[in-house]
Each structure stands twice: as C-alpha cells, then as structure tokens.
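Subject: Structure for you to look at

Dear colleague,

Please find the structure we spoke about just below, with the sequence alongside. My notes on what was found in it follow.

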Amino acid sequence: MKAGEELPPLEIAVTRTLIVAGAVASRDYQDVHHDAELAREKGSPDIFMNILTTNGLVGRYVTDHFGPAAALRRVAIRLGAPNYPGDTMVLSGTVVSVGDDGTAEVAVVGDNGIGRHVTGTVTISVPEGSA
C-alpha cells in the first residue's frame, strides 16, 4: 500500500433489485427508491439508488481491494448523477496517503452513463503485513 497506488476499477450493474434491496436494507422507504410511478410523478425518470447503498458499495470496493483485515474508519461521499436501473456504475480509486499507523486515505469516484455518481474519500486501517 503506497500513495499513488491505483485500485482496479469495479463495474457494478445498477439493477432495479439492487436499488430496492439497498433501500429496504437501510430502512429508506422513500418511494423514489422503490416505486417507479411515484418517482416519475416527482420528476424522476425512474427509481434511483439511495446514498446509503452507494456508501456501502464504496466501502466494499475499498475493503475488497485491501482484504478482509482492512477496517473502514471513515467514508465521506457526495452524490452527483443518479444511478438508475439498467446503468452500470464504475468505481475507481487512488491511494492518496499512507500513515505510519497503518491507515490510508483513498480517493474514490464512481461514474455511470450520465456522469459522475459519487465522489469521496475513504479512510481505512490495514494491519501490517496484510495489504
């Protein structure tokens, strides 16, 4: 693990099931995350992914790269273009800094067919010898 290291991209199919399951799992019952008709009435072309699902996917992306010993310390994200069903989100990341204490800061972005869905920073700790 070193500053400048790039994580391999991860493609995630944005399915209707992923969007609804993520919303239900995070107890986000807003209709725009599960009811296409009501989402359209509110001005959206379809249901869209909630921030908690995106947050989980970003965390998973980083911990999958650094292995099962990696522990999330902080995930800070900002959403942009919505993730709609039928699209693909591609996550990519770069290690920004590595501390002497085994922590690392990783910059992450996620793009879909209409633009940048997520931008963020993830801080992880990785025990010595496990990365």
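Predicted model: local features only at pLDDT ≥ 70, side-chain atom pairs only at ≥ 80, totals over all residues.

Residues are numbered from 1 along each chain as its sequence is written, and side-chain values use heavy atoms, with hydrogens and water left out.

**Overall picture**

The C-alpha trace of the protein chain spans about 50 × 25 × 20 Å along its principal axes. Of the 131 residues in the protein chain, 40% are buried, where buried means under 20% relative accessible area, exposed means over 50%, and partly exposed lies in between (1.4 Å probe, protein chains only). Among the contacts (heavy atoms within 4.5 Å) with a separation of 6 or more, 66% are between residues 24 or more positions apart. The protein chain has an accessible surface of about 7000 Å², with 51% of it belonging to carbon and sulfur atoms; such areas come from the Shrake-Rupley method with a 1.4 Å probe, and for residues only the protein chains shown count as cover.

**Salt bridges**

The search of the whole structure gave four salt bridges, a salt bridge being a side-chain nitrogen of Lys or Arg within 4 Å of a carboxyl oxygen of Asp or Glu. One of them joins arginine 16 to aspartate 46, with the closest N and O atoms 2.8 Å apart; this pair links distant parts of the chain, since arginine 16 lies in helix H1 and aspartate 46 in the loop between H2 and H3, 30 residues apart. Arginine 16 is partly exposed at 41% relative accessibility, whereas aspartate 46 is buried at 13%.

Another is formed by aspartate 31 and lysine 42, whose closest N and O atoms are 3.0 Å apart, and here the partners sit eleven residues apart, aspartate 31 in the loop between H1 and H2 and lysine 42 in the loop between H2 and H3. Aspartate 31 is buried, at 16% relative accessibility, while lysine 42 is exposed, at 55%.

Within helix H3, aspartate 64 and arginine 60 are four residues apart, so about one helical turn separates them, and their side chains meet in a salt bridge (3.3 Å, N to O). Aspartate 64 counts as exposed at 53% relative accessibility, and arginine 60 as partly exposed at 37%.

**The aromatic pair**

One aromatic pair was found in the whole structure, pairing being defined for rings of Phe, Tyr and Trp (its six-membered ring) with centres within 6.5 Å, and with planes under 30 degrees apart called stacked, over 60 edge-to-face and the rest tilted. The ring centres of phenylalanine 48 and tyrosine 84 are 6.5 Å apart and the planes stand at 90°, so this pair is edge-to-face. Phenylalanine 48 belongs to the loop between helix H2 (36-41) and helix H3 (51-66), and tyrosine 84 to the loop between strand S2 (71-79) and strand S3 (87-98), 36 residues apart.

**A backbone detail**

Arginine 27, in the loop between helix H1 (16-25) and H2, has a positive phi near 60° although this residue is not glycine. Arginine 27 is exposed, with 68% relative accessibility.

Terms used
Helix = DSSP H or I, 4+ residues; strand = E, 2+ residues; numbered from the N terminus.
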